[in-house]
Amino acid sequence: MLGLEKKDATLLLVVIALALAAPILLNPFPTESAMAQFNAGYPDLMQKFAIYGIFAIGFNILFGLTGYLSFGHAAFLGVGSYSAVWMFKLLSMNVIPALVLAVLVSSLFALVIGYISLRRSGIYFSILTLAFAQMSFNLAYSVLTPITNGETGLQLSLDDPRILGISQTADGGIPLTSLFGLAMRDSVAVKLGGWSFEFSVGYYVCAILMLVCFYLAMRIFRSPFGLMLRAVKTNQTRLNYTGLNSRPYTLAAFVISGMYAGLAGGLLAAMDPLAGAERMQWTASGEVVLMTILGGAGTLFGPVLGAGFIKYFENIFSKINDSVLQNWFGFLPDGVENVVLWVVEHFVGPGWHLTLGLLFMLVVIFLPGGLMEGGQRIAGLLRGKRKSGGDGGGDDPEYHPGQTPHVAE
Amino acid sequence: MDAILLQTLNGLDKGSAYALIALGLTLIFGTLGVVNFAHGALFMVGAFCAVTVSRLLTLSYTVIDETRTDFLGNPMKVDMPYLKSWLGETVGGTIIDWSVPLAILFTIPVMLVLGYAMERGLIKHFYKRPHADQILVTFGLAIVLQELIKHYFGANPIPTPAPPMLTGSFDFGALVGMDPNQVIYPYWRLVYFLFSAAIIGAVFAFLQFTTFGMVVRAGMADRETVGLLGINIDRRFTIMFGIAAAVAGLAGTMYAPIISPNYHMGMDFLVLSFVVVVVGGMGSLPGAVLAGFLLGVLESFSSMNEIKNILPGIDQIIIYLVAIVILLTRPRGLMGRKGVMEE
Amino acid sequence: MSKSNLTRRGVLRTGAVAGAGLAMPTFFSAGSASAFVNDPGNGPVTLGFNVPQTGPYADEGADELRAYQLAVEHLNGGGDGGMLNTFSSKALQGNGINGHKVEFVTGDTQTKSDAARASAQSMIQKDGAIMITGGSSSGVAIAVQGLCQEAGVIFMAGLTHSNDTTGKDKKANGFRHFFNAYQSAAALAPVLASRYGKDRKFYMLTADYTWGWTQAASMKAFMEDQGWTMVEDVRTPLSATDFSSYMTEVQTSGADVLILNHYGGNMVNSLTNAVQFGLKDKTVNGKQFEIVVPLYSRLMAAGAGEAVKGILGSTNWHWSLQDEGSKAFVKSFGTKYGFPPSQAAHTCYVQTLLYADAVTRANSFNPCDVVAALEGFEFDGLGNGPTLYRADDHQCFKDVLVVQGKQNPESQFDLLEVVEKTPVDKVMYAPDNEFFAGGDLGTCNPGA
């Protein structure tokens with residue numbers, strides 16, 4: 001199907017089903033129940049899942065295949081967002097031109113940065129990309145404020161000179177971002193017993209693009225080009241000795257992953273027309289690295305999973321406060337309740353960072369292949385055949401946790 | 001002229017902090033081949049060692065002062081440090097004032113133990129794992145350390161002053177024969193610079209002139225051969241990890257009076273220290289120190305108005321710009337060796 | 001632009017009541033929808049408290065959250081009622097907001113625009129919050145204010161001091177009780193001139209982002225009106241932690257006053273550095289060298305320790321004020337938590353009360369009715385004396401406090417002393433003032 005092997009086609013179908021049914025799957029608890037706190041099926045968070053999924057898939061094309069660890073990918077995300085918002089301000093509220101420009105500009109950006117940075121490898125490459133991204137961030141925050149609106153972030157205003165469209169709606173508001181008249185904010189709510197599910201236009205736009213990106217990544221992984229990238233990861237020196245110049249391949253991978261990041265940035269702006277400089281900060285670059293490793297670098301679905309995990313913690317755990325906890329544990333005897341509250345308090349609300357940090361450590365210690373390996377181990381257990389641990393990528397035959405040479409030869 | 005002298009002093013001072021952190025980071029990079037994202041957090045923990053010592057020394061009991069009232073109109077509760085009541089106002093007060101230098105005695109064992117525990121309990125299992133895994137686990141550890149500190153000390157910066165006789169500034173210009181009142185420089189920053197120089201010197205001497213250091217250097221160059229010679233190199237590397245942690249911790253302890261410690265100060269230094277290490281060249285200790293001072297001085301000069309007027313925003317990006325230029329002209333940084341971390 | 005028949009989030013809550021228990025899917029169309037988003041119907045009303053819980057302003061955020069919890073307690077009739085008893089409007093009865101019990105959700109802004117908007121979105125879309133409030137920086141406030149305008153809920157800003165919040169980025173659904181950079185400068189200038197003389201040369205270090213710039217521009221304009229001359233206005237990177245190289249420039253500049261347009265961690269470090277470099281004890285041009293911090297935050301200033309002593313600045317409110325409103329607030333806050341509230345806590349508490357009062361007076365949760373009730377509202381008894389919520393820009397006008405770092409603090413909270421209360425007419429400005437021009441409130445948006 002679609003030029004995919006049977007196994008990949010199955011994976012694609014599963015991902016499609018998951019993505020399309022996400023509004024239902026992510027709202028497993030009835031709206032009025034105490035567990036509704038853990039529901040993630042509201043438009044904004046689902047959009048973030050899909051968008052950061054795209055970002056991580058793209059990052060994985062570079063890092064998972066070639067082993068080049070870029071620490072500056074957030075710069076492309078930020079550039080994509082800025083381009084998209086400028087398009088909304090100047091041309092039209094339709095998301096298509098905005099996304100196209102976002103991808104174009106970020107690919108140009110990636111071409112320049114990649115061309116320079118790829119002259120070095122290993123940690124030197126990482127630091128070069130980091131340096132470029134930090135320069136972009138610092139300048140966007142300060143000197144480039146006329147273009148970026150600095151700290152506040154670039155926003156739409158009531159007097160934008162929109163060429164194809166109106167500056168203000170009839171009732172004096174800023175028009176909404178839309179796809180040929182279908183506003184991104186619109187949604188259909190369905191009530192089913194105690195449950196309610198919300199199907200939002202914006203989410204489905206993101207989800208479909210994410211699926212397209214996922215499919216493309218799959219094709220890249222399985223293509224001769226992908227094979228060449230893996231060769232770079234395994235042993236670049238030997239590849240060079242065979243007379244092949246690997247630079248064009250790595251540069252192509254870099255630009256492609258930059259375009260993915262640009263698309264993600266553009267989508268962020270399309271869902272919520274604001275572009276802030278923080279999107280380019282090193283912490284944002286670090287976040288996508290963490291997402292990819294957490295999910296499982298080099299696997300197809302891992303990065304999406306990692307992105308979902310981190311965004312889930314950020315948005316759900318940070319919102320659990322004392323009164324919510326008291327609600328949950330109110331049934332316990334007072335003394336026990338206080339002890340439980342005291343323990344749990346450290347990990348939720350203001351302590352959500354701690355939970356995230358512990359999660360990073362636990363996953364990487366016990367699941368060397370990331371969450372994907374965890375999933376595969378569980379699947380293996382269910383099938384009743386225990387796999388020998390330590391083969392990293394589990395079912396994905398292509399995942400080789402590269403042996404790191406300890407020190408210099 | 002005086003401005004240039006002052007900026008050089010500032011640069012050396014900043015540079016000494018960068019150099020100290022980068023030195024520890026390079027020890028871990030160079031000896032163990034581990035990308036340690038928790039190194040900034042170790043610096044931060046060092047700074048909070050100073051805070052802890054000053055808290056311990058000011059452990060107090062409360063006295064109710066009936067003559068004054070607090071903000072709710074109740075009798076004021078006044079904290080009376082035990083030290084002052086045991087040793088008298090002057091002696092106890094002096095000890096409390098000197099809490100930061102005293103904290104060095106506390107920091108060294110704490111950081112050695114922390115470094116040792118970190119290496120044995122966690123890092124040890126990651127030698128053979130990809131760098132990406134090392135980044136994830138050490139980053140996770142950094143967050144955990146940070147959150148623990150935040151939980152006990154709060155998020156706001158905590159003032160940790162230097163001893164009174166070292167808090168002020170003095171006329172550095174007059175010392176070197178310039179007109180008085182031209183070059184005023186804070187005592188503590190000079191102390192910090194001298195302290196860093198001493199630590200850097202000590203680390204180099206230790207590696208250069210002791211048998212232990214010789215073995216470690218041999219291990220850095222070729223771990224396997226040293227192992228084959230029957231030397232337990234792992235044990236020595238563990239100790240080096242402890243020393244690296246102690247160097248980072250000391251850098252933080254002595255930095256506390258310069259900027260009030262807060263729980264995320266480690267993250268602020270993390271990126272910078274990586275840049276310093278890489279610019280210096282992977283696996284090169286002199287490179288790390290050289291790059292630390294170089295970037296410190298350049299950063300100081302780039303914040304001069306004469307330069308900012310020509311290139312607005314230059315002080316924001318100078319470090320990164322220099323890093324790019326150096327890495328493009330010198331492929332392995334200033335003094336890096338071939339093959340280290342180029343995979 | 002969109003003519004879709006699809007519904008928005010607001011339908012859900014009313015729908016939830018009507019459709020409860022039904023096992024078959026129910027579709028709602030816009031026709032049956034309520035007139036505004038997140039209508040509480042007959043049930044409790046949910047407010048969204050969006051404060052920094054991680055990052056450098058986490059402690060300030062925690063204090064804001066304490067104030068919000070106190071406000072909710074008082075609105076629901078608990079505790080001693082706090083400022084409900086001193087508020088000039090007597091609409092609030094301690095029976096929730098207009099008879100609806102008050103519930104709240106909390107979120108973490110991380111002091112980042114993206115995170116703050118994501119958190120606010122989840123409150124609006126998932127929890128059905130009808131009003132969002134909080135925040136500890138202008139970037140976040142402006143970003144969230146923009147979001148609330150689009151989503152159709154009310155935004156009651158927390159601590160935000162930039163002119164832009166009620167200037168070029170003002171929004172019909174957004175309201176600010178806190179004062180702003182212009183008012184700080186207007187209040188400080190005469191005090192500085194009378195204390196330090198008319199003939200002064202000042203040097204400014206300015207955090208290189210929007211708030212820093214508006215603060216610097218305001219200070220420059222007002223100080224030059226007082227006859228002072230500016231030597232230099234130097235931008236410092238927001239990420240800077242060590243300001244030594246900038247202090248060096250100050251030392252050699254010939255200026256005799258240093259104005260630090262820094263906030264939070266920047267302020268703590270730059271002030272500490274300035275004192276370390278001996279600037280406080282310096283004599284230049286035959287005058288004592290002076291340092292000024294236009295915007296004080298008591299919580300953060302504590303981080304600078306001894307360095308704040310004698311330094312002049314401004315603040316929105318201070319717990320040592322002796323009016324009835326402030327006393328009542330400090331009493332209930334202090335009794336509950338054991339320490340006095342910060343200015344951030346005060347403005348957040350007041351904003352919550354003002355919102356509840358406006359809803360009650362309007363007898364409607366519809367954001368447009370609330371906006372109408374708040375616009376031009378005059379009140380007293382909330383700690384700042386007689387105050388006006390101006391209709392033109394949704395900015396509060398009230399007295400501004402000029403404060404000074406206390407020489408002999410009696411406790412760890414006793415950091416600042418009020419040296420002057422600049423009356424409101426001295427800090428009043430026209431809505432089209434050059435520092436605030438360029439924005440447009442637009443029209444209120446009820447969402448649905």
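How many helices and strands make up the secondary structure of chain B? The legends below begin with that chain. This is a predicted model, in which local features need pLDDT of at least 70, side-chain atom pairs count only at pLDDT 80 or more, and totals for chains, interfaces and linings use all residues. Residues are numbered from 1 along each chain as its sequence is written, while chains are lettered from A and ligands numbered from 1 in the order in which they are written.

**View 1. Chain B as a whole.** The secondary structure of chain B comes to 15 helices and 4 strands; here helices (H or I, at least four residues) and strands (E, at least two) are DSSP runs, numbered from the N terminus. With a radius of gyration of 22 Å, close to the 20 Å that the globule rule gives for 343 residues, chain B is as compact as a globular protein of that length. That radius is taken over C-alpha atoms, and the rule is 2.2 Å times the number of residues to the power 0.38. The C-alpha trace of chain B spans about 75 × 50 × 35 Å along its principal axes.

**View 2. Chain A as a whole.** Chain A holds 15 helices and 6 strands. Its radius of gyration is 22 Å, close to the 22 Å that the globule rule gives for 409 residues, so chain A is as compact as a globular protein of that length. Along the principal axes, the C-alpha trace of chain A spans about 65 × 60 × 45 Å. Buried residues come to 56% of the 409 in chain A. Among contacts in chain A between residues at least 6 apart in sequence, 72% join residues at least 24 apart; a contact needs C-beta atoms, placed from the backbone, within 7 Å.

**View 3. Where chain A meets chain B.** This contact takes 45 residues from chain A and 44 residues from chain B. On the side of chain A, the elements that give two or more residues are helix 5 (122-141), helix 10 (282-295) and helix 14 (352-366). Helix 5 of chain A gives the most, with 11 residues. The side of chain A that touches chain B divides into 29 nonpolar, 13 polar and 3 charged residues. In this count, Ala, Val, Leu, Ile, Met, Phe, Trp, Tyr, Cys and Pro are nonpolar, Asp, Glu, Lys and Arg are charged, and the others, Gly among them, are polar.

**View 4. Where chain C meets chain A.** Here 53 residues of chain C are in contact with 52 residues of chain A. Several elements of chain C each supply at least two residues to its side, including helix 1 (11-19), strand 3 (102-108) and helix 4 (138-151). The largest share of that side, 7 residues, comes from helix 3 of chain C. By class, the side of chain C that touches chain A has 20 nonpolar, 20 polar and 13 charged residues.

**View 5. The open sheet of chain C.** Seen here is an open sheet of 7 strands in chain C, with the order 8-7-9-12-13-17-18 and mixed pairing; two strands pair if DSSP finds at least two bridges between them. At the edges lie strand 8 (229-236) and strand 18 (416-422) of chain C, each pairing on one side only. From one strand to the next, the twist averages 25°. Helix 6 (residues 210-225) of chain C packs on the sheet, and its direction makes about 165° with that of strand 7 (201-207) of chain C. For such angles, axes are lines fitted to C-alpha atoms, for helices over the stretch in contact, and values run from 0 to 180 degrees between N-to-C directions.

**View 6. A closer look at strand 13 of chain C.** Strand 13 (residues 312-315) and strand 17 (residues 400-405) of chain C run antiparallel and are joined by 4 bridges. Strand 12 and strand 13 of chain C run parallel, with 3 bridges. Ser314(C) stands opposite Val402(C) in strand 17, and Ser314(C) is also the bridge partner of Leu295(C). Thr315(C) stands opposite Leu401(C). Which way do the residues of strand 13 of chain C point? Leu312(C) and Ser314(C) point one way, Gly313(C) and Thr315(C) the other way, and all are buried.

Terms used. Contact = placed C-beta atoms within 7 Å. Buried ≥ 20, exposed ≤ 12 C-beta atoms within 10 Å, placed from the backbone.
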